[in-house]
Amino acid sequence: MDRAIKVAIKSFEDPPLDPSERRLLYGKLAELNRVSFGEAVRSFQTDYSLDVSDLWEITGKGSLSDVRNRVIHGDTFTHEQMNALVTAKFQMQWHLERMLLAILGWPISQSGVRKDAIAAWTPYHDTVTARNKLAT
């Protein structure tokens, strides 16, 4: 299949791709065999019946994944946005803790990361504000 895709990339005409552009695309072909991060997260949540609907989304537009990408790619942040990153950090931590508890078979309802346990935390209530501050 790689060969057929390479032929299609090489013969692409609108607009024609120069050799460096084709090389970049060829380098990504191995990734086509992997499940996307978003699909892996959705599958995990389904397989473990994990409810994270009260938390900031991990994938999608304006998600924690978008925030991660901005950090990794060197975006600069204002002081207000830095505070919003603290909210994102807590949200990611709560996701991770719930995932680990699900793997271990521990009921989220008996944990410190259940909705009513984290509802008193400022980063829980600041999610919408933080998302807006970090929106691109």
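Thr127 is placed in helix H8 (residues 127-134), helices being DSSP runs of H or I with at least four residues, numbered from the N terminus. The model is predicted, so local features need pLDDT of at least 70 and side-chain atom pairs count only at pLDDT 80 or more, while totals for chains, interfaces and linings use all residues. Residues are numbered from 1 along each chain as its sequence is written, and side-chain values use heavy atoms, with hydrogens and water left out.

**Surroundings of Thr127**

- Thr127 counts as buried because its relative accessibility is 12% (buried: under 20% relative accessible area; exposed: over 50%; partly exposed: in between; 1.4 Å probe, protein chains only).
- A polar atom of the Thr127 side chain lies 3.3 Å from the backbone oxygen of Pro123.
- Leaving aside residues up to four places away in sequence, Thr127 touches Trp56, Thr87 and Gln91 (contact: heavy atoms within 4.5 Å).

**Packing of H1 and H2**

- Helix H1 (residues 2-11) packs against helix H2 (residues 19-27) at an angle of about 155°, and their axes are 10 Å apart (axes are lines fitted to C-alpha atoms, for helices over the stretch in contact; angles run from 0 to 180 degrees between N-to-C directions).
- H1 is therefore roughly antiparallel to H2 (under 35 degrees: roughly parallel; over 145: roughly antiparallel; 65 to 115: roughly perpendicular; the rest: oblique).
- The H1 and H2 crossing is right-handed (left-handed if the near helix is turned anticlockwise from the far one by less than a right angle, right-handed if clockwise).
- On the H1 side, Lys6, Ile9 and Lys10 meet Arg22, Leu25 and Tyr26 of H2.
- The residues of this H1 contact with H2 comprise 3 nonpolar, no polar and 3 charged (nonpolar: Ala, Val, Leu, Ile, Met, Phe, Trp, Tyr, Cys and Pro; charged: Asp, Glu, Lys and Arg; polar: the others, Gly among them).

**Packing of H4 and H5**

- Helix H4 (residues 64-72) and helix H5 (residues 79-104) pack at about 125°, with axes 11 Å apart.
- H4 and H5 are thus oblique to each other.
- Their crossing is left-handed.
- Leu64, Val67, Arg70 and Val71 of H4 meet Gln81, Leu85, Ala88, Gln91, Met92 and His95 of H5.
- The contact of H4 with H5 has 6 nonpolar, 3 polar and 1 charged residues.

**Backbone at Ser49**

- Ser49 is located in the loop between helix H3 (37-47) and H4.
- Ser49 has a phi near 45°, a positive value in a residue other than glycine.
- Most residues other than glycine have a negative phi.
- With 65% relative accessibility, Ser49 counts as exposed.

Key:
Helices (H or I, at least four residues) and strands (E, at least two) are DSSP runs, numbered from the N terminus. A polar contact is a pair of N or O atoms within 3.5 Å; within protein, one must be able to donate a hydrogen and the other to accept it, and residues adjacent in sequence count only if both atoms are side-chain atoms.
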